[in-house]
Amino acid sequence: MAEQTEIRTQGRAAEPSAACAKSDSAVIRDALGVGIAVGLSGFAFGVTSAGAGLSLPQTCALSLLVFTGASQFALVGALAAGGNPLTAAAGAFFLGARNAFYGLRLSAVLGYRATVKPLAAHWVIDETSAVTLAQPDRRTARLGFTVTGLTLYVLWNLTTLFGALGAGALGDTDAWGLDAAGPAVFLALLAPKLTTTVERLTAGLAVVLVMVTLPLLPTGVPVLLSALAAPAVLLAQRRGERTREGDGAERPGTGPRGTGASPAPQDGAAPQDGAAPQDGAAQIRRTAKEDRA
């Protein structure tokens, strides 16, 4: 009996550890998948950056120090189109500012010490945020963040170097269409997040603003104007809610402006509970009808 009890106890103790190991392996698998898939697109950035006229050290410095793919593509794309460097840098800056909002959320989820936060902040991007926030607890969130960030950072910088070195062998980089790789990856990550009507309308309006203003304004400015889509959609939503509230307050039979006042009872009808008392003339007519009856 003692042996059976010991075996059962060991079995129960082994079950949680096996579940934790399985959870860790699943987190690592997902993190590696995201890191490898996105990290390979660094080759496209290296080729695009070299085609835009940036030197090898400049291209590698962008990946090492900036490390936010969409902003990097926006910067070199604007420069390749002949845009003003300040405008191109402003567009890249505002596009990368979204990482600050990710950091506010991840700071509470990861719970790193103050000495670690500056280092971890460099890895706060779309992919690491998505993997981290998908985890059920802090331990697996830290694991997902670390594996995704490390894999993506190393692979992105290596492929950036290879892309910049091989740009000369490819010839005309515009003919390959590699400049579209970054935006395509960004859209693939963003599209599943658009789950509500407001989010879809905001994204659609932003696309319309860019397409309409692209031929009219300097390079980089349409991207900045697309940010107006969010307040415009939220303002329209707020007005729609107020209109619906006003219509509901003026439904027929509910009294003026939703006061809930009930219509006066007809002659001879008994007043309802809580109804206002009838005036003197109405009471006299009601008493006379009762006497005649």
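**Exercise 1.** How many salt bridges does the structure hold?

*Solution.* Keep in mind that you're looking at a predicted model. Counting gives 2 salt bridges.
- Step one: take the side chains of Asp24 and Arg139, which meet at 2.6 Å, N to O. This pair ties together distant parts of the chain, with Asp24 in helix α1 (residues 2–39) and Arg139 in helix α9, 115 residues apart.
- Step two: turn to the side chains of Asp126 and Arg98, which meet in a salt bridge at 2.7 Å, N to O. Here too distant parts of the chain are linked: Asp126 sits in helix α8 and Arg98 in helix α6 (residues 98–110), 28 residues apart.

**Exercise 2.** Why can helix α8 be called largely enclosed by the rest of the structure?

*Solution.* Start with the helix itself, which covers residues 126–133. Next, pick out its buried residues: Asp126, Glu127, Thr128, Ser129, Val131 and Thr132. That makes 6 of the 8 residues buried, so α8 is largely enclosed by the rest of the structure.

**Exercise 3.** Find Thr48 and decide: buried or exposed?

*Solution.* First locate Thr48 in helix α2 (residues 42–51). Its relative accessibility is 10%, so Thr48 counts as buried.

**Exercise 4.** Which residues form a nonpolar patch on the surface?

*Solution.* The patch is made of Phe43, Leu56, Leu150, Val154, Leu158, Phe162 and Leu165. Together they have about 620 Å² of accessible area. Then ask where they come from: helix α9 (residues 138–170) gives the largest share, 5 residues. Phe162 is found in that helix. As a hint on spacing, an α-helix has 3.6 residues a turn, so residues three or four places apart point the same way.

**Exercise 5.** Zoom out and describe the whole protein.

*Solution.* Begin with the secondary structure, which comes to 14 helices and 0 strands. Of the 293 residues, 26% count as buried. The accessible surface comes to about 18300 Å², with 65% of it belonging to carbon and sulfur atoms. Finally, among contacts between residues at least 6 apart in sequence, 70% join residues at least 24 apart.

Methods. Residues numbered from 1 in each chain as written. Predicted model: local features only at pLDDT ≥ 70, side-chain atom pairs only at ≥ 80, totals over all residues. Heavy atoms only, no water. Buried < 20%, exposed > 50% of the residue type's maximum accessible area, 1.4 Å probe, protein only. Helix = DSSP H or I, 4+ residues; strand = E, 2+ residues; numbered from the N terminus. Patch = residues over 30% accessible without salt bridge, like charges linked within 9 Å, V, L, I, M, F, W, Y side chains within 5 Å. Areas by Shrake-Rupley, 256 points an atom, 1.4 Å probe, with all protein chains shown as cover. Salt bridge = Lys/Arg side-chain N within 4 Å of Asp/Glu carboxyl O. Contact = heavy atoms within 4.5 Å.
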